[in-house]
Amino acid sequence: MLGHLQVSRTQSWNHRPPFPPPPPPLLAQCSLSKQGQQFLSSVARDPTASNRLICKFIASSPKSIALNALSHLLSPTTTHPHLSSLALPLYSRITEASWFSWNPKLIAEVVALLYKQGQLKEAETLVSETLMKLGSRERDIVSFYCNLIDSHSKHSSNQGVFDVISRLSQIVSESSSVYAKERAYESMISSLCTVGRPLEAENLIEEMKVKRLKPSVFEFKSVVYGCGRVGLFEDMLRILLQMENEGFELDTVLSNMVLSSYGAYNKQSEMVSWLQRMKDSSIPFSIRTYNSVLNSCPKIMSILKDLKTFPLTIDELMENLRGDEALLVKELIGSTVLAEAMEWDSSEGKLDLHGMHLGSAFVIMLQWREEMKYRLNTGEYVMPVEITVVCGSGKHSVVRGESPVKRMVREMMTRMRCPMRIDRKNIGCFVAKAKVVKNWLC
């Protein structure tokens, strides 16, 4: 079926892979609106009334709310998997709404879910209808298949991925468009890596070269991370070396992929070495560097389970850590990430915790306390009018409105007897006059 793909394990795609399956990819959680929560709760209470409730929901909801509910059901990380069968009837009703505009990307997500549920006939019907609408527009057809294979991979549907690979491979063999070929390879390589087949993906990079197509840094990064996610660390390092030999520079994004891969397998010693390599190579750390490292520190994660007892200073934290975990934190706190997360002028000194996972926000807050002592007392920095810590209100949390970072910061402020309070105008911020904070720190 795959014919000219020339991959190394074509004997049986359905067999168990020869290495451990990868951990699930990190996917953004689709935060459900309040109206969407009420709708799904109603259906859960009375499944027999689902059609009536769907009609009522679509009739009374604006476009954003309706599409938000559908996206939630289509998401591989939905908190309502038992209601995912509602996705097709909900989508069908949405297509009848006056505001609906046809969207092949959305169709790809519906098809992938139907495929996962075993509704192959319904899935193929949607694919056929989509191809008829797209006609002979090759770029749009390739884009649809790329969206479809991406959705299949997020649902960990190996067979769905390989079915689309066969269709994209045919386009690659027949098309004269360099764009179509490169776009197809990009998606095939990325999706193979997502479902734990990085070596087959690497073979496609070599196939690109044979066809005189130049693999981009995206393809190489996909394979590097793909190897790391399944624990093929020798292959990961081999491909990194190949990238350097071909003129690609190691950067922060790629380094974070390496750190995340090591962290998933508790290889903290290798993480320490990689952070040191980043520093030696002048590769800047980022918030994601913090996230990748600290998510892999079991002691810190354990400490944060009890908000009443966690350390309140960097020194106290370091006393609680041992070995490589202590070395990891030491490497992080010597970086510029805190400074980059802060804004400082005569009107405001602001720390923004957006994008930080709980462990990262915790360590940054401990660093921030020390930095504030320095900035407010040495005279080297202008005295702002106000100090602000932005932690978000929980709009993007798994449970809408309940931010773990905000809870941690609030508990830290209370235990430190910090004068900062939740801003009445923005519940996602803590604020106080700078002079009050300075007096507290003295």
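In this predicted model, helix α11, which spans residues 217-229, packs against helix α13, which spans residues 252-264, at an angle of about 15 degrees and with the two axes 8 Å apart. Because of that angle, α11 counts as roughly parallel to α13, and the crossing in which α11 passes α13 is right-handed. On the α11 side the contact is made by Lys-221, Val-224, Tyr-225, Gly-228 and Arg-229, while α13 contributes Val-253, Leu-254, Met-257, Val-258, Ser-260 and Ser-261.

A second pair of helices can be described in the same terms. Helix α7 (residues 138-154) and helix α9 (residues 178-194) pack at an angle of about 5 degrees, with their axes 9 Å apart, so α7 is roughly parallel to α9. The residues of α7 that take part are Glu-138, Arg-139, Val-142, Ser-143, Cys-146, Ile-149, Asp-150 and Ser-153, and they meet Tyr-179, Ala-180, Arg-183, Ala-184, Ser-187, Met-188, Ser-191 and Thr-194 of α9. The two pairs are set out below.

| Helix pair | Angle between axes | Distance between axes |
|---|---|---|
| α11 (residues 217-229) and α13 (residues 252-264) | about 15 degrees | 8 Å |
| α7 (residues 138-154) and α9 (residues 178-194) | about 5 degrees | 9 Å |

Cys-146, listed above among the residues of α7 that meet α9, is buried, because its relative accessible area is 2% and the limit for burial is under 20%. The structure holds zero disulfides, and for Cys-146 the nearest cysteine sulfur, which belongs to Cys-193, lies 15 Å away. Another cysteine, Cys-55, has a relative accessibility of 31% and therefore counts as partly exposed.

Asn-158 is found in helix α8, which covers residues 158-174, and with a relative accessible area of 24% this residue is partly exposed. When neighbours within four places in sequence are left aside, Asn-158 is in contact with Val-195 and Arg-197. Asn-158 and Glu-370 are 212 residues apart in sequence, and their C-alpha atoms are 49 Å apart in space.

For Phe-362, once neighbours within four places in sequence are set aside, the contacts are with Ile-300, Leu-304, Phe-310, Pro-311, Leu-317, Met-408 and Met-412.

Helix α15 (residues 287-294) is mostly covered, since six of its eight residues are buried. The buried residues of α15 are Thr-289, Tyr-290, Asn-291, Ser-292, Val-293 and Leu-294. What covers them includes α13, α14 (268-280), α16 (298-303), α18 (323-333), α19 (337-340) and α20.

Considered as a whole, the protein chain has 22 helices and five strands, and its C-alpha atoms fill a box of roughly 70 × 60 × 35 Å, taken along the principal axes. Of the 442 residues in the protein chain, 50% are buried. Among the contacts in the chain with a separation of 6 or more, 67% are accounted for by residues 24 or more positions apart.

Conventions. Residues numbered from 1 in each chain as written. Predicted model: local features only at pLDDT ≥ 70, side-chain atom pairs only at ≥ 80, totals over all residues. Heavy atoms only, no water. Disulfide = S-S within 2.5 Å. Buried < 20%, exposed > 50% of the residue type's maximum accessible area, 1.4 Å probe, protein only. Contact = heavy atoms within 4.5 Å. Axes fitted to C-alpha atoms, helices over the stretch in contact; angles between N-to-C directions. Helix = DSSP H or I, 4+ residues; strand = E, 2+ residues; numbered from the N terminus. Parallel < 35°, antiparallel > 145°, perpendicular 65-115°, else oblique. Left-handed = near helix turned anticlockwise from the far one by under 90°.
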